[in-house]
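Here is a short report on the spaces, surface and charged pairs of one protein model. Keep the structure in view as you read.

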Amino acid sequence: NPLYENGVSNIALFDTHYYGGIKHYQWTALPLAMHGVVCKKDGSTVKISIGDKAEDEVFCISDLLPHLDRDMTKGAESKIKGENLNIIIGSIPLSCENKESVKANVLNILKERFDIANEDFISAEIEFVPAGDARDMGLDKSFVLGYGQDDRICAYTSLCAMLDTSDNDLTLACMFVDKEEVGSQGASGMQSLFFEDMVAEISQLCGNYSHLDVRRALRNSYMLSSDVTAGYDPNYENAFDKNNDAYLGRGISFNKYTGGRGKSGANDASPEYIAKLRAILDEKGVSYQLTEMGKIDQGGGGTIAYITANYGMNVIDCGCPLLNMHAPFEISSKADIYEAYRAYKEFLLMR
C-alpha cells in the first residue's frame with residue numbers, strides 16, 4: 001500500500017522501502033525520477049518512466065528547514081529514518097468535499113496515463129532514483145558524475161568487452177545478477193542455481209551430460225567478479241590506507257580479498273591466478289592496481305566472488321574505484337572505465 005494521503009496537509013505521498021546500505025539524509029531535497037513496471041491481472045505489463053526528460057515532472061523527499069531544526073547537532077542518520085523517506089506525489093484534490101481527495105486525484109491521473117488502479121501496486125516494482133543523465137565532471141571533464149555507477153559501469157564495460165570479443169574458441173559467459181547489496185538471494189541473485197543450471201543445459205545439448213562434467217566445468221572456469229571499490233578520497237583521508245587503497249585515474253582495481261575486519265565474508269583469490277592475470281595485463285599495457293578497501297578496521301564490503309569460489313572456480317574482485325559510493329550521485333574516472341573495458345576484453349581472450 002504505497003500511496004496514502006496526509007490528512008492534515010492534504011499532500012499525497014508514496015511510502016518507500018530503501019534498498020541496500022545508504023545514508024538516508026543524502027536522499028532528501030533531490031529531484032527524483034520514477035521507473036518501474038506494473039503487472040496487471042489480465043497478464044499485461046505497464047512500464048512507467050517519469051522524470052528523466054526535460055519536460056517531465058519530478059518527485060522529491062522533503063527535508064526540514066534549518067530555521068526549525070534545533071537538533072542539527074545530532075547525527076544526520078539519527079534524524080532521518082528509513083520510515084521518513086516518503087515521496088511527495090501531489091496536492092491537488094479531485095473534489096473538495098471528498099475525504100482523501102488528493103489521493104483520489106493521483107489515482108485518477110494514474111488511471112488516465114497508465115490505466116492502472118490502486119490495487120495494481122500489489123504486483124508492481126517501482127523505483128525512485130535521482131533524476132537526470134550522467135554528466136561530465138571537472139573542468140577537464142575527467143570524471144563521470146551519475147547515479148547507480150555501482151554497478152552500471154561494471155555491467156556496461158563487461159558487456160562491451162563480450163560483444164567485442166569474437167576470436168575465441170572457449171565458452172564465454174557474462175552474467176548480470178541482482179540483489180548483491182542485500183546478500184545475493186532470490187531467483188535473480190547469484191546464490192540461485194541459474195548459472196549452474198545453464199552449464200548443465202549446455203552440457204546436455206553437447207550430448208555428454210553428467211553431474212561430474214558440470215562440476216568439472218565450473219571448477220575449471222576463470223571469473224572476474226565485476227564490482228566497484230572505494231576510491232581514495234582526499235576529503236576523508238582518515239578512513240583510507242594511502243599505501244594500499246585504489247586511486248581514481250590509475251586503472252582498474254583488483255581486490256585479492258574483500259570482506260570486513262579479519263577478512264570476514266571474503267573471497268581470497270589464489271596468488272597463482274593473480275600472477276596469470278598480471279602477466280596478461282602487463283603484456284597488453286592495461287593499467288591496473290592491487291588494492292584493499294579502506295583501513296582494516298574501518299569497515300569493509302563484499303561482492304559475489306565468494307559464491308562462485310564455492311565451485312572451486314578461480315575468481316577475483318575487480319572494477320572501478322568510486323567516490324560517493326551508494327550516494328545519489330557517484331564519481332568515477334573516465335580513464336578507469338576505459339581500462340576496465342580493456343582488462344575485461346583481455347581476460348576474455350586469456351588461454
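## The largest cavity

The largest cavity holds about 40 Å³ of space. This is a predicted model. The structure has two cavities of 30 Å³ or more.

Which residues line the largest cavity? They are Phe254, Ile274, Leu277, Arg278, Leu281, Tyr288, Leu290 and Ile316. By class, seven of the lining residues are nonpolar, none is polar and one is charged. Helix H6 (271-284) and strand E13 (288-290) each supply at least two residues of this lining. H6 gives the most, with four residues.

## The second largest cavity

The second largest cavity also has a volume of about 40 Å³. Its lining is made of Leu224, Phe254, Leu277, Ile280, Leu281, Ala343, Glu346 and Phe347. Two elements give two or more residues to this lining: H6 and helix H8 (334-348). The class count is seven nonpolar, no polar and one charged.

Now set the two lists side by side.

## An open pocket

Turn next to the pockets. The second largest pocket contains about 1,200 Å³ of space. Its lining counts 42 residues. Ala230, Met293, Gly300, Met325 and His326 lie nearest the centre of the pocket.

Which elements give two or more residues to this lining? They are strand E10 (229-230), strand E11 (252-255), strand E14 (300-301) and strand E15 (314-319). E15 gives the most, with three residues. By class, the pocket lining has 14 nonpolar, 20 polar and eight charged residues.

## A nonpolar patch on the surface

The surface carries a nonpolar patch formed by Leu64, Leu65 and Leu68. Together these residues have about 290 Å² of accessible area.

Leu65 sits in the loop between strand E4 (45-50) and helix H1 (76-79). The relative accessible area of Leu65 is 38%, so Leu65 counts as partly exposed.

## Salt bridges

Side chains of opposite charge can pair when their charged atoms come close. The structure has nine salt bridges. One of them joins the side chains of Lys179 and Asp178, with an N to O distance of 2.9 Å. Lys179 is partly exposed, at 31% relative accessibility. Asp178 is partly exposed too, at 35%.

Another salt bridge pairs Lys256 with Asp268, and here the closest N and O atoms are 2.5 Å apart. Where do the two partners lie? Lys256 is in the loop between E11 and strand E12 (259-260), while Asp268 is in the loop between E12 and H6. The pair therefore ties together parts that are twelve residues apart in sequence. Lys256 is partly exposed, with 27% relative accessibility.

Is Asp268 buried or partly exposed? Asp268 is partly exposed, since its relative accessible area is 39%. Lys263 is partly exposed as well, at 41% relative accessibility.

How values were computed
Residues are numbered from 1 along each chain as its sequence is written. This is a predicted model: local features need pLDDT of at least 70, side-chain atom pairs count only at pLDDT 80 or more; totals for chains, interfaces and linings use all residues. Side-chain values use heavy atoms; hydrogens and water are left out. On a 1 Å grid over the protein atoms alone, a cavity is a set of points where a 1.4 Å probe fits but cannot get out, and a pocket is an open set with protein on both sides within 12 Å along at least five of seven lines; lining residues have an atom within 4 Å of a point. Grid points are joined across faces, edges and corners, and a volume is the space filled by probe spheres set on the points. Ala, Val, Leu, Ile, Met, Phe, Trp, Tyr, Cys and Pro count as nonpolar, Asp, Glu, Lys and Arg as charged, and the others, Gly among them, as polar. Patches are made of residues with over 30% relative accessible area and no salt bridge: like charges are joined within 9 Å, nonpolar side chains (Val, Leu, Ile, Met, Phe, Trp, Tyr) within 5 Å. Accessible areas come from the Shrake-Rupley method with a 1.4 Å probe; for residues, only the protein chains shown count as cover. A salt bridge is a side-chain nitrogen of Lys or Arg within 4 Å of a carboxyl oxygen of Asp or Glu. Buried means under 20% relative accessible area, exposed over 50%, partly exposed in between (1.4 Å probe, protein chains only).
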